[in-house]
2 protein chains.
Amino acid sequence: MKPDALVFDAYGTLFDVHSVVRRCEECWPGKGAALSAAWRSKQLEYTWLRSLMRAYRPFSELTRDALEQSCEMLGLPLSPAQEEQLMGEYLRLAIFPDVALQGLPGKKAILSNGSPDMLDPLVKQSGLSFDAVLSVDELKVYKPAPEVYALAVKRLGVTADRIGFVSSNCWDAIGARNFGFRVFWINRGGVPVDRLGVRPDAVLKTFGELREVLR
Amino acid sequence: MKPDALVFDAYGTLFDVHSVVRRCEECWPGKGAALSAAWRSKQLEYTWLRSLMRAYRPFSELTRDALEQSCEMLGLPLSPAQEEQLMGEYLRLAIFPDVALQGLPGKKAILSNGSPDMLDPLVKQSGLSFDAVLSVDELKVYKPAPEVYALAVKRLGVTADRIGFVSSNCWDAIGARNFGFRVFWINRGGVPVDRLGVRPDAVLKTFGELREVLR
């Protein structure tokens with residue numbers, strides 16, 4: 001059964017957040033991978049903690065906080081110029097090479113943690129086109145809170161069971177399944193599915209497999 | 001100003017969760033530290049994700065899920081006997097050597113993510129004694145949700161500004177400060193304070209310093 005709409009996660013799913021590794025590596029040779037992994041991990045942690053504390057701040061701010069925190073944790077000096085350079089990298093992340101939207105059925109939307117100041121320039125420069133680019137920012141809470149996924153239902157005018165949700169982040173895929181979407185987890189890294197009660201409806205190795213399973 | 005009550009976090013603050021390293025090391029020589037760090041990290045991640053998904057399960061269950069997940073991630077085979085042995089370890093965690101409650105002012109309570117099936121046997125075998133042992137389990141949501149900290153106010157009959165909260169987990173210390181407690185962060189590892197908007201009122205190197213600052 002083809003969905004009436006496909007909703008995509010942005011960071012890590014359409015856009016490769018680890019493309020910042022190269023830039024980190026330029027700043028601190030030999031430490032790029034460690035910093036970029038720590039940065040991503042802190043960034044997610046801060047979205048969950050601030051949501052639970054009901055102390056929302058935009059993703060751009062959390063991303064900057066996570067960068068500064070990670071540099072301090074790893075003992076890497078971070079100049080204002082380097083900080084701007086690395087934050088700027090988030091506005092021009094690479095699209096994963098296996099991402100193609102042509103031939104996929106239904107409406108297409110992005111549903112992202114990204115605040116509009118980060119997300120809109122990124123989507124614009126990517127050349128990809130969507131029926132809607134939705135940010136958690138209007139709700140002031142991050143994924144995987146159910147109200148985030150409900151935003152797509154409301155804004156697309158499509159019921160949850162007719163929406164296919166696509167994410168490379170297992171916890172996001174599970175959050176969307178928990179809400180009621182039909183979920184495709186793009187497990188590029190071949191990691192084990194998280195033990196969080198529900199499981200994605202389908203596990204794909206690449207984004208390219210999506211067209212096959214929706215044919 | 002002396003607080004009317006002191007509320008302590010349990011895991012990582014009074015009790016050393018990394019004392020399971022030894023047992024992990026026995027099971028998988030050379031991998032004990034990596035497994036125990038991954039286990040703790042997944043355990044916390046699952047508390048935050050399940051709270052946000054509104055899909056609460058008791059801490060004992062999440063701890064078991066996190067153990068199985070971590071073993072699978074690291075490619076370590078986990079037999080049912082090993083799983084029981086490691087879960088059993090959580091019921092007899094070591095008390096940090098710097099922990100002493102004698103001479104501290106006011107009522108003493110524990111406020112923990114631990115479900116009663118884990119927390120009660122642990123406290124009992126420790127020999128420590130408290131006016132209250134409070135678990136998030138009755139609220140079905142984990143720290144740092146504000147309602148968790150509110151439970152201590154309600155059950156101790158002491159207002160938030162008269163409660164001193166003690167935790168080694170920076171995110172927990174910040175969650176308690178965000179709620180309105182006077183917070184003492186025991187930073188045994190000398191790690192940087194997390195960038196989450198508010199900061200602990202005091203940063204101590206050891207639990208033992210608590211008596212000095214409250215004198």
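## A guided look at two chains

We begin with one residue: B:Arg54 is exposed, with a relative accessible area of 60%. B:Arg54 sits in the loop that joins helix 2 (32-53) to helix 3 (59-74) of chain B. Keep in mind that this is a predicted model.

**Backbone details in the loops**

- B:Arg54 is not a glycine, yet its phi is positive, near 55°.
- In chain A, A:Lys140 also deserves a look: its phi is positive, about 60°, although A:Lys140 is not a glycine.
- You will find A:Lys140 in the loop between strand 5 and helix 6 of chain A.
- Is A:Lys140 buried, partly exposed or exposed? With a relative accessible area of 47%, A:Lys140 counts as partly exposed, since the exposed class begins over 50%.
- The loop between strand 5 and helix 6 (146-156) of chain A also holds A:Pro144.
- The peptide bond leading from A:Lys143 to A:Pro144 is cis, and its omega is near 5°.
- Chain B has a cis peptide bond from B:Lys143 to B:Pro144, with omega near 5°.
- B:Pro144 belongs to the loop between strand 5 (132-135) and helix 6 (146-156) of chain B.

**Chain A as a whole**

- How many helices and strands does chain A have? It has eight helices and eight strands.
- Chain A has a radius of gyration of 17 Å, close to the 17 Å given by the globule rule for 215 residues, so chain A is as compact as a globular protein of that length.
- The C-alpha trace of chain A spans about 50 × 35 × 35 Å along its principal axes.
- Of its 215 residues, 58% count as buried.
- Take the contacts in chain A with a separation of 6 or more: 61% of them are between residues 24 or more positions apart.
- The accessible surface of chain A is about 8,600 Å², and carbon and sulfur atoms account for 51% of that surface.
- Chain A carries 27 positive and 26 negative side chains, and the centres of these two sets are 5 Å apart.

**Helix 1 of chain A**

- Helix 1 covers residues 20-27, and A:Val20, A:Cys24 and A:Cys27 are buried there.
- Which exposed residues are on the face turned away from the buried side of helix 1? They are A:Arg22 and A:Glu26.
- The cover over the buried residues of helix 1 includes helix 2 (32-52) and helix 4 (80-89) of chain A.

- A:Met87 is part of helix 4 of chain A.
- Its relative accessibility is 10%, so A:Met87 counts as buried, because the buried class takes in values under 20%.
- Leaving out residues up to four places away in sequence, A:Met87 touches A:Trp39, A:Ser60, A:Thr63 and A:Arg64.
- A:Met87 and A:Arg162 are separated by 75 residues in sequence and by 36 Å in space, C-alpha to C-alpha.

**Helix 5 of chain A**

- In helix 5 (residues 116-126), the buried residues are A:Met118, A:Leu119, A:Leu122, A:Val123 and A:Ser126.
- Looking down the axis of helix 5 of chain A, you would see these buried residues fall within an arc of 110°, so they line one face of the helix.
- What do the buried residues of helix 5 pack against? Their partners are strand 2 (15-16), helix 3 (59-74), strand 3 (94-95), strand 4 (107-112) and strand 5 (132-135) of chain A.
- After helix 5 comes A:Gly127, with a positive phi near 85°.

**A buried cysteine in chain B**

- B:Cys170 lies in helix 7 of chain B, which covers residues 170-179.
- Is B:Cys170 buried or exposed? B:Cys170 is buried, with a relative accessible area of 7%.
- Setting aside neighbours within four places in sequence, B:Cys170 is in contact with B:Trp185, B:Val193 and B:Asp194.
- B:Cys170 and B:Leu91 are 79 residues apart in sequence, and their C-alpha atoms are 24 Å apart in space.

Key. Residues numbered from 1 in each chain as written. Chains lettered and ligands numbered in written order. Predicted model: local features only at pLDDT ≥ 70, side-chain atom pairs only at ≥ 80, totals over all residues. Heavy atoms only, no water. Helix = DSSP H or I, 4+ residues; strand = E, 2+ residues; numbered from the N terminus. Rg over C-alpha atoms; globule rule 2.2 N^0.38 Å. Buried < 20%, exposed > 50% of the residue type's maximum accessible area, 1.4 Å probe, protein only. Contact = heavy atoms within 4.5 Å. Areas by Shrake-Rupley, 256 points an atom, 1.4 Å probe, with all protein chains shown as cover. Lys, Arg positive; Asp, Glu negative; His and termini not counted. Charge placed at Lys NZ, Arg CZ, Asp CG, Glu CD. Arc of directions from axis to C-beta.
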